[in-house]
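Biologist: Hello! Could you walk me through this model, one step at a time?

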Amino acid sequence: MIGVVTLPLEIKELGGRFAALRNGTSFAAALAISLLMGLVI
Amino acid sequence: MKMKTRQWVPVIILGLISAVLLYLQPYARAPFGSTVLDYTMELIVVLPAVLLLMGLLSLFISNEFISAHLGSESGLKGMAVAFLLGTLPTGPVYMAFPIARTLRDKGARVANVYIFLSAWACIKIPQELVELRFLGLEFMAYRLLFTIIMVAFLSLVVEKIEHAF
């Protein structure tokens, strides 16, 4: 979900704001999903 | 294309660092070589396929078709289509960015572009079989459920923020 190495390409193709939002929210989502997994399993 | 020479700067810097490190650590040469070769081969195989796919997409899929199925009026069905589109192909994510851009240029809504990229990154059908095998059905089912819920929710948040500017 998060790509640091591919970030320059993502910015070039989809714009800096979208890339920042996507990677930022993906990071939050990954944390949230891992916490939820910890709760149910 | 105006930054053409500047684009080479990171490559040259990394090349110099690699050369120094490889000179100092001879045991690293073999894994270095095979990794570089692996990724170069991947790029050579993948890049023409992406270009071909984008060409076909822009030629044969009309803007109306994309807006109808992935546009702002597509609703829940559009989100489902975006999820499916993202899970079908296997390939590195850098392959997905140009495709995502083509979809957006052809009228797909921001939320669906977000869903497409996220599904591409973390819901892959061949990959799910591996997950099932190593982590079990319960883990896989819950992870998929949470991932889909989070991605669908965040896609709308990101779309709201994108449109706010």
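Modeller: Gladly, and here is a term to begin with: two residues are in contact if their C-beta atoms, placed from the backbone, lie within 7 Å. This is a predicted model, in which local features need pLDDT of at least 70 and side-chain atom pairs count only at pLDDT 80 or more, while totals for chains, interfaces and linings use all residues. Residues are numbered from 1 along each chain as its sequence is written, and chains are lettered from A and ligands numbered from 1 in the order in which they are written.

Biologist: How many residues of domain 2 of chain B are in contact with domain 1 of chain B?

Modeller: The domain bounds come from an automatic or database domain assignment, which gives domain 1 (1-56) and domain 2 (61-165) in chain B. Over C-alpha atoms, the centres of these two domains are 28 Å apart. Domain 1 of chain B uses five residues, and the number from domain 2 of chain B is six.

Biologist: How are H2(B) and H5(B) oriented to each other, and why?

Modeller: Helices (H or I, at least four residues) and strands (E, at least two) are DSSP runs, numbered from the N terminus. Axes are lines fitted to C-alpha atoms, for helices over the stretch in contact, and angles run from 0 to 180 degrees between N-to-C directions. Helix H2 (residues 29-60) of chain B and H5(B) have axes 10 Å apart, at an angle of about 10°. Angles under 35 degrees count as roughly parallel, over 145 as roughly antiparallel, 65 to 115 as roughly perpendicular and the rest as oblique, so H2(B) and H5(B) are roughly parallel.

Biologist: Which residues in H5(B) meet H2(B)?

Modeller: From H2(B) come B:Val50, B:Leu53, B:Met54, B:Leu57 and B:Ser58. Their partners in H5(B) are B:Pro98, B:Ile99 and B:Thr102.

Biologist: Is B:Asp105 buried or exposed?

Modeller: B:Asp105 lies in helix H5 (residues 96-105) of chain B. A residue is buried if 20 or more other C-beta atoms, placed from the backbone, lie within 10 Å of its own, exposed if 12 or fewer, and partly exposed in between. Because B:Asp105 has 11 other C-beta atoms within 10 Å, this residue is exposed.

Biologist: Which helix gives the largest share of the side of chain A that touches chain B?

Modeller: The contact takes 20 residues from chain A and 25 residues from chain B. On the chain A side, H1 and H2 of chain A are the elements that give two or more residues. The largest share, 12 residues, comes from H2(A).
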